[in-house]
Amino acid sequence: MGLPLFDSGTDPGPSFIAFLNEATPDSVFRGVAEELAHATTVVSLRFADGVVMVGDRQATAGYIAERDVRKISAADRYCALAISGTAATGLEFIRIAQLSFEHYEKMTGRLLSLEGKANYLSPLIYRTTTTTPFVVVPMLAGYDTARKQGRIFRYDRIGGCYEQPNFDVIGSGTPFAESTLRLGFREGMTKDEAINLAALAVYEAGDNDPSTGGPDFVRNIFPMIVTVTENGFEELAFEETSERFRIINQRRTASGGRAEGDLR
Amino acid sequence: MSMSYYVAPEQMIRDKAEFAQKGIARGRSLIAAVYQAGVVVVAENPSVSLNKVSEIYDRIAFAGVGKYNEYDRLREGGIRWADQTGFTYSREDVDARALANYYAQHIGDMFTDGAKPLEVEVLVIQLASAQQASKIYHVAFEGTITDEPQFAVIGGESELIRARVAEQFDPAASFSEQIQHCVTALSGAERTLPVQDLEIARLEDIGERRTFKRLTDAEVSEILAS
């Protein structure tokens, strides 16, 4: 592999995908068909200073394939990217997205806008869906440094991108998590309130959806909680994450399994 | 039938070298220097947006002098090569020496076979890791590659500036001391460089994957005033 130099006619510019197509056709998504892990619940929620994203840790392939999958990644400093669907293509998808955003930044000397990142993912999803039997549906949530607010983008499986005003959910636990968010969401929530509601939504999904993993007090594995604000992408420490789920669980135990009270 | 006339190879190389050197000498210079915790690049560059120094990869930086369009194309090629190599293999497999070699091959090829030699000189800078010390690879206009363990100077008047840097050079100097030393060496005794004419960037481990940082004018002013 020599130094990839192009003349001005064929130069792919700062897009890593365009460059890969120019340099090595077919190298990006070469899938291998096997029994693949899938299923998820990831929620994202906008609050006053940014967004929070919470995702379960379980991968299912007819049985529980993995208990500690990290489905949320920092696509770059100011955005979180979560995946649902086939694990293999999903992980590849995250690698490509992270690399593409950094590649753009290094080539041009400036960060891609949040909307630019959101749009960039659409043809990637379309291509995965149309060229492989595997489905990847990501969720992008980040902090828009120009508008100074958190923003959430949802996708359908052929790459349609729809900005969500308040919250979004992906994965098999969607009905339960979404109902929780729908009932609990208020405009201008604090970070603390938003984290608690998002955690509760994933707790509900884990409680009701067989393919979503709730907090695992036996193995000490808890859903991931991340926030993106003007300070960038931050993941909550293990102690804080486990404590929040412990509180939800204690309340649920005290009420005999019913969703009751202030923090249900 | 057209007659091709004979030019002695020595003459041709001399002419090309002179042509490339003239182009490079027209531009301002830059210094890359090792300091206590990393490597800093100090460039004289009046342009705010047309950078001479740039990030290539997690621990690799690029610096070029001469014709902007020519070295910027090399910079882009370097970023593509690095990102593709890291994507195909692993991030740790992206090696500055390999990149410097590719630059040397390309610049050397252009010197011997191109319609005109490239009027550029570039540095590929590798930040020290547990396995190796920091290195500065210098690729000259005809493709000669050298590695410098402590500092390198490229651009017009590079010999003069190199002598000034070498005087009392301390690889264990602090970040701000080394910047002050480099700025003094770049400007010389007769003039002072305004902050807007300086482009300064560094590679340093601060616990993050990416080690490259470009200093803002405010940060540069603060360091020079201290």
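Residues are numbered from 1 along each chain as its sequence is written, and chains are lettered from A and ligands numbered from 1 in the order in which they are written. Since the model is predicted, local features need pLDDT of at least 70 and side-chain atom pairs count only at pLDDT 80 or more, while totals for chains, interfaces and linings use all residues.

**View 1. Chain A as a whole.** Let us start with the overall build of chain A, which has six helices and 12 strands. Helices (H or I, at least four residues) and strands (E, at least two) are DSSP runs, numbered from the N terminus. Taken along the principal axes, the C-alpha atoms of chain A fill a box of roughly 70 × 45 × 30 Å. Its radius of gyration (over C-alpha atoms) is 19 Å, which agrees with the value near 18 Å that a compact globule of 264 residues would have; the globule rule is 2.2 Å times the number of residues to the power 0.38. Of the 264 residues in chain A, 46% are buried, where buried means that 20 or more other C-beta atoms, placed from the backbone, lie within 10 Å of the residue's own. Among contacts in chain A with a separation of 6 or more, 67% join residues 24 or more positions apart; two residues are in contact if their C-beta atoms, placed from the backbone, lie within 7 Å.

**View 2. The open sheet of chain A.** Here five strands of chain A line up in the order 10-1-2-11-12, with antiparallel pairing. Two strands pair if DSSP finds at least two bridges between them. Strand 10 (167-171) and strand 12 (232-235) of chain A each have a single partner strand, so one side of each is left without a neighbour in the sheet. From one strand to the next, the twist averages 15°.

View 3. Angles run from 0 to 180 degrees between N-to-C directions, and axes are lines fitted to C-alpha atoms, for helices over the stretch in contact. Helix 5 (residues 191-208) of chain A lies across strand 1, strand 2 (50-55) and strand 11 (224-229), at about 160° to strand 1. The axes of helix 4 and helix 5 of chain A come within 7 Å and cross at roughly 145°. This crossing of helix 4 and helix 5 of chain A is right-handed, the near helix being turned clockwise from the far one by less than a right angle. Residues that meet here include A:Phe176 and A:Leu181 of helix 4 and A:Leu197 and A:Ala201 of helix 5.

**View 4. Helix 2 against helix 3 in chain A.** Helix 2 and helix 3 (residues 114-131) of chain A pack at about 145°, with axes 11 Å apart. Their crossing is right-handed too. Among the residues making the contact are A:Phe93 and A:Ile96 of helix 2 and A:Tyr120 and A:Leu124 of helix 3. By class, the contact of helix 2 with helix 3 of chain A has seven nonpolar, three polar and one charged residues. Ala, Val, Leu, Ile, Met, Phe, Trp, Tyr, Cys and Pro count as nonpolar, Asp, Glu, Lys and Arg as charged, and the others, Gly among them, as polar.

**View 5. The open sheet of chain B.** Chain B has six helices and 10 strands, and five of its strands form an open antiparallel sheet in the order 8-1-2-9-10. Strand 8 (151-154) and strand 10 (212-214) of chain B are the edge strands, each pairing on one side only. Strand 9 (residues 198-204) and strand 10 of chain B run antiparallel and are joined by three bridges, with B:Leu203 opposite B:Phe212. Helix 5 (residues 175-187) of chain B lies across strand 1 (30-35), strand 2 (38-44) and strand 9, at about 30° to strand 2.

**View 6. Where chain A touches chain B.** The contact takes 13 residues from chain A and 14 residues from chain B. On the side of chain A, helix 1 (16-23) and helix 2 (87-108) each give two or more residues, and helix 2 has the largest share, four residues.

Definitions and conventions: A residue is buried if 20 or more other C-beta atoms lie within 10 Å of its own, exposed if 12 or fewer, and partly exposed in between; C-beta atoms are placed from the backbone.
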